[in-house]
Amino acid sequence: MSVGDMPYRRGQHALIAFAHRAGSFAIDNPDAPDLLAQFQSRAQPFEARIGDAAGSVGKTVAAYADYERFLNSELTHSYVALQRQLNLAERAALTQSQARWLAYRDAEFRFIDRNWNVSRFGTSATLSRNGYRSAVTKERTMTLLMYLKNYGSVATGEQSSANR
């Protein structure tokens, strides 16, 4: 694949990811709350603050720092809530999956931090780094919420009968 094909490939991958995500809604529990919409509603003020800070690198960096803390909190909450719905074997598999995802995230963050630097990308490097890092965590959080949506007892905080 040539370098010129890269934007096309990225667009193709994004389209496939979107189609996959959109298709996954067909098997959700229709009685479950819309956890993704609730998450996006909670995320919106942080994202708006980032947009409002445009033009001030310092304010944008501070807004991204708050957003990253929010995303990490949401990720933890989603992970713990999903664990509560699983039996022991499923929980072990999720724990392993999350550990591997955290290793991926850390490697991705190292790449992002090393690649988007001021010498290569100027002052936009800081903004790009923050945006890419946030996108990685937001995507995992949304994935866990999609898994969690399959359990109707989530809204009441009950555990799955597999754990009782």
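1. R133 forms a salt bridge with D113, the closest N and O atoms being 2.9 Å apart, where a salt bridge is a side-chain nitrogen of Lys or Arg within 4 Å of a carboxyl oxygen of Asp or Glu. This pair links distant parts of the chain, since R133 belongs to helix α6 (residues 124-148) and D113 to helix α4 (residues 88-115), 20 residues apart. Helices here are DSSP runs (H or I, at least four residues), numbered from the N terminus.

2. Please keep in mind that this is a predicted model, in which local features need pLDDT of at least 70 and side-chain atom pairs count only at pLDDT 80 or more, while totals for chains, interfaces and linings use all residues. Residues are numbered from 1 along each chain as its sequence is written, and side-chain values use heavy atoms, with hydrogens and water left out.

3. The structure holds seven salt bridges, and one of them pairs E74 with R42, whose closest N and O atoms are 2.7 Å apart. Here too distant parts of the chain are linked, with E74 in helix α3 (residues 57-84) and R42 in helix α2 (residues 35-52), 32 residues apart. E74 counts as buried at 10% relative accessibility, while R42, at 34%, counts as partly exposed.

4. A salt bridge also forms between R49 and D66, with 2.1 Å between the closest N and O atoms. Because R49 lies in helix α2 and D66 in helix α3, the pair ties together parts that are 17 residues apart in sequence. R49 is partly exposed at 35% relative accessibility, and D66 is partly exposed with a relative accessible area of 23%.

5. Helix α2 deserves a separate look. Its 18 residues should span 26 Å at 1.5 Å a residue, and its end C-alpha atoms are 26 Å apart, which agrees; the expected span is 1.5 Å times one less than the number of residues. A kink of about 35 degrees lies at A43, shortly before the proline P45, the bend being the angle between axes fitted to the seven residues ending there and the seven starting there.

6. The buried residues of α2 are L35, L36, F39, A43 and I50, and what covers them includes α3 and α6.

Technical notes
Helix = DSSP H or I, 4+ residues; strand = E, 2+ residues; numbered from the N terminus. Buried < 20%, exposed > 50% of the residue type's maximum accessible area, 1.4 Å probe, protein only. Contact = heavy atoms within 4.5 Å.
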